[in-house]
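Reader: I have to present this one in class. Please go through it with me slowly.

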Amino acid sequence: MEGFNHSRVSEFMLLGLIDSPELQIFFFVMFSIFYLMTMLGNCLILFMVLSTPHLHSPVYFLLSNLSLIDMCLSSFATPKMIMGFFAQHKTISFEGCISQIFFLHLFTGTEIMLLISMSFDRYIAICKPLHYSIIMSQRVCVGLVITSWTVGFLHTMSQLAFTLYLPFCGPNVVDSFFCDLPLVIQLACVDIYVLGIFMISTSGVIALISFLLLLTSYIIVLVTFKDLSSPGSSKAFSTCTAHFIVVLMFFGPCIFIYVWPFTNFLVDKVLSVFYTIFTPFLNPLIYTLQNQEVKTALKKKLSNQYLNLGKTAPRYPMQ
């Protein structure tokens with residue numbers, strides 16, 4: 001942590017998402033609703049998976065971990081952005097800025113690996129159904145989740161090891177609503193263009209390779225669908241469709257932002273909003289609307305709750 005001693009800048013100023021006072025209230029209300037719905041939706045998925053015995057399967061175990069990561073991903077910067085709509089000076093401490101970079105790359109790196117794990121689960125379920133219970137055992141599923149978090153941690157530490165030792169002694173304005181690596185390292189007092197391009201583009205290349213791997217797995221699954229005529233094939237196709245929508249929404253912005261790290265486009269802010277706010281919001285909607293088992297379990301929970309309320313309601317004697 002000696003890198004902090006070389007930094008003269010004690011805080012950064014975030015320009016935020018917009019600078020129009022007329023739109024502040026509108027975006028405050030909109031993003032507050034999105035954030036609350038994101039937390040409620042993903043908490044609902046976690047509750048359903050944990051409390052419903054027939055959802056204790058590999059696919060829902062991975063889905064519940066995706067919901068946990070989505071809640072973390074939407075919380076590392078969104079609450080501060082929402083409160084910043086009414087702040088005259090949108091500042092963040094140096095340590096807070098580094099923390100945002102740490103959590104951003106931790107959660108995105110973990111989610112990339114988890115999406116690959118979910119794709120592997122669907123590939124085994126569709127292409128090798130007879131061996132599914134053997135391959136996707138509880139031990140394997142836990143190992144996939146632990147591996148995802150480990151890779152995410154190693155990835156973010158590799159990014160911070162480069163950033164912490166840069167001298168920040170001059171400009172401190174970040175043109176975004178949170179600290180991101182491409183924006184922050186441009187404020188360093190040394191010329192880091194070549195090394196910065198290499199370090200940050202690595203994240204974009206990793207995202208691009210991961211996306212191509214996932215795309216290949218979906219192509220294999222879609223080809224396999226041609227030979228399937230079982231009743232479960234439509235359910236499997238629905239699950240894969242929902243998963244692929246999540247993949248497109250998540251990887252698209254990451255690839256665009258990190259493959260070309262030092263190009264300041266207005267669309268970068270929009271894409272940042274998309275994969276930090278909109279994607280975590282849409283994930284539970286996509287999975288619950290596309291998945292019949294989750295909808296059935298939710299209806300059963302609601303009906304049981306209604307019946308329990310009816311039994312406990314006070315009964316008055318007939319006059």
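Reader: At what angle do helix 2 and helix 4 pack?

Author: Helix 2 and helix 4 pack at about 160°, and their axes are 10 Å apart. Axes are lines fitted to C-alpha atoms, for helices over the stretch in contact, and angles run from 0 to 180 degrees between N-to-C directions. Helices (DSSP runs of H or I, at least four residues) and strands (E, at least two) are numbered from the N terminus. This is a predicted model, where local features need pLDDT of at least 70, side-chain atom pairs count only at pLDDT 80 or more, and totals for chains, interfaces and linings use all residues. Residues are numbered from 1 along each chain as its sequence is written, and side-chain values use heavy atoms, with hydrogens and water left out.

Reader: Are helix 2 and helix 4 roughly parallel or antiparallel?

Author: Roughly antiparallel, therefore, for helix 2 and helix 4. The cut-offs are under 35 degrees for roughly parallel, over 145 for roughly antiparallel and 65 to 115 for roughly perpendicular, with the rest oblique. Helix 2 passes helix 4 in a left-handed crossing; that is, the near helix is turned anticlockwise from the far one by less than a right angle, while clockwise would be right-handed.

Reader: Which residues of helix 2 and helix 4 meet?

Author: Among them are Leu-62, Leu-66 and Ile-69 in helix 2, and Phe-107, Leu-114 and Met-118 in helix 4. The residues of this contact (heavy atoms within 4.5 Å) divide into 13 nonpolar, 4 polar and 4 charged. Ala, Val, Leu, Ile, Met, Phe, Trp, Tyr, Cys and Pro count as nonpolar, Asp, Glu, Lys and Arg as charged, and the others, Gly among them, as polar.

Reader: And helix 2 with helix 6, what is the angle there?

Author: Helix 2 (residues 58–75) packs against helix 6 (residues 138–163) at about 25°, with the axes 10 Å apart. Those two are therefore roughly parallel, and their crossing is right-handed. Pro-58, Phe-61, Leu-62, Asn-65 and Ile-69 of helix 2 meet Cys-141, Val-142, Val-145 and Trp-149 of helix 6. By class, that contact has 8 nonpolar residues, 1 polar and no charged.

Reader: How do helix 4 and helix 6 cross?

Author: At roughly 145°, with axes that come within 7 Å. The crossing of helix 4 and helix 6 is right-handed. Their contact has 14 nonpolar, 10 polar and no charged residues.

Reader: New topic. What order do the strands have in the sheet?

Author: The order is 2-1-3, in an open sheet of 3 strands with mixed pairing. Strands pair if DSSP finds at least two bridges between them. Strand 2 (91–93) and strand 3 (173–174) are the edges, each pairing on one side only. Strand 1 (residues 11–14) runs antiparallel to strand 2, joined by 3 bridges, and Glu-11 has Ser-93 as its bridge partner. Helix 4 (residues 94–127) lies across strand 1 and strand 2, at about 85° to strand 2.

Reader: How many disulfides does the structure hold?

Author: 2 disulfides (cysteine sulfur atoms within 2.5 Å) are present. One of them joins Cys-97 and Cys-179, with sulfur atoms 2.1 Å apart. That link is left-handed, with -120° about the S-S bond. Cys-97 is in helix 4 and Cys-179 in the loop between strand 3 and helix 7 (181–184), so the pair ties together parts 82 residues apart in sequence.
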